[in-house]
Amino acid sequence: MNKNILLITDTLPTSKDDYTGKYILDQLIEVQKINEGFCTVLHVNPYFKNETSFDYIKSFSSNNLTIVLTKILSFPRYKFLRIRSCLFVLQKYLYIKKLIAKKNIEIVHCHNFATIGIGYYIKFFFKIPYLLTIHGREDPTVLENNESKIHAMKTFFSSASRTIIVGYV
């Protein structure tokens with residue numbers, strides 16, 4: 001495979017003892033084994049959180065992996081998901097457009113429910129297909145359904161090119 005991938009996540013491990021986002025690191029390592037294209041990781045972090053060092057992850061990477069840090073307007077984790085995602089893409093529109101052009105992004109891969117709205121709006125504005133990976137270890141608030149969240153999830157899932165489910169959801 002030779003695709004340039006933009007992976008969007010809100011969690012990555014920062015040390016060998018940090019298991020937060022370990023499954024995403026495992027997946028990055030495996031993708032690098034089968035993909036000769038470039039992988040750019042867009043780490044989305046709320047404005048109120050401090051910057052994080054990703055030197056640990058970079059030690060696993062090859063020359064075709066870039067990690068980019070960016071900030072997002074923070075609402076409660078799954079409230080206002082569509083609005084927050086759209087505002088993020090609009091706020092970062094030129095930045096995302098340049099990143100897509102510079103890295104020649106062909107596929108967007110979103111991890112977990114917190115980032116799938118961003119993939120949806122990138123597809124909407126930039127016409128790039130997106131994949132979803134949903135992990136069985138999702139935050140318990142994923143199970144707290146309400147009408148607007150269910151509607152947003154149906155929209156995001158139906159628009160995705162592919163959905164990958166790992167573990168029990």
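Modeller: Start with Cys39, which counts as buried because its relative accessibility is 5%; buried means under 20% relative accessible area, exposed over 50%, and partly exposed in between, with a 1.4 Å probe and protein chains only. The model is a predicted one, in which local features need pLDDT of at least 70 and side-chain atom pairs count only at pLDDT 80 or more, while totals for chains, interfaces and linings use all residues. Residues are numbered from 1 along each chain as its sequence is written, and side-chain values use heavy atoms, leaving out hydrogens and water.

Cys110 is buried too, because its relative accessibility is 0%. A disulfide would be a pair of cysteine sulfur atoms within 2.5 Å, and by this rule the count is zero.

Cys110 leads on to Thr115, one of whose contacts it is. Thr115 sits in the loop between β4 (107–111) and α5; helices (H or I, at least four residues) and strands (E, at least two) are DSSP runs, numbered from the N terminus. With a relative accessibility of 1%, Thr115 counts as buried. Leaving aside residues up to four places away in sequence, Thr115 touches Ile8, Thr9, Asp10 and Cys110, where contact means heavy atoms within 4.5 Å.

On the α4 side, Tyr93, Ile96, Lys97 and Ile100 meet Ile122, Phe125 and Phe126 of α5.

Now the whole. The protein chain has six helices and six strands, in the order β-α-β-α-β-α-α-β-α-β-α-β from the N terminus on. Of its 169 residues, 49% count as buried. Among contacts between residues at least 6 apart in sequence, 75% join residues at least 24 apart.
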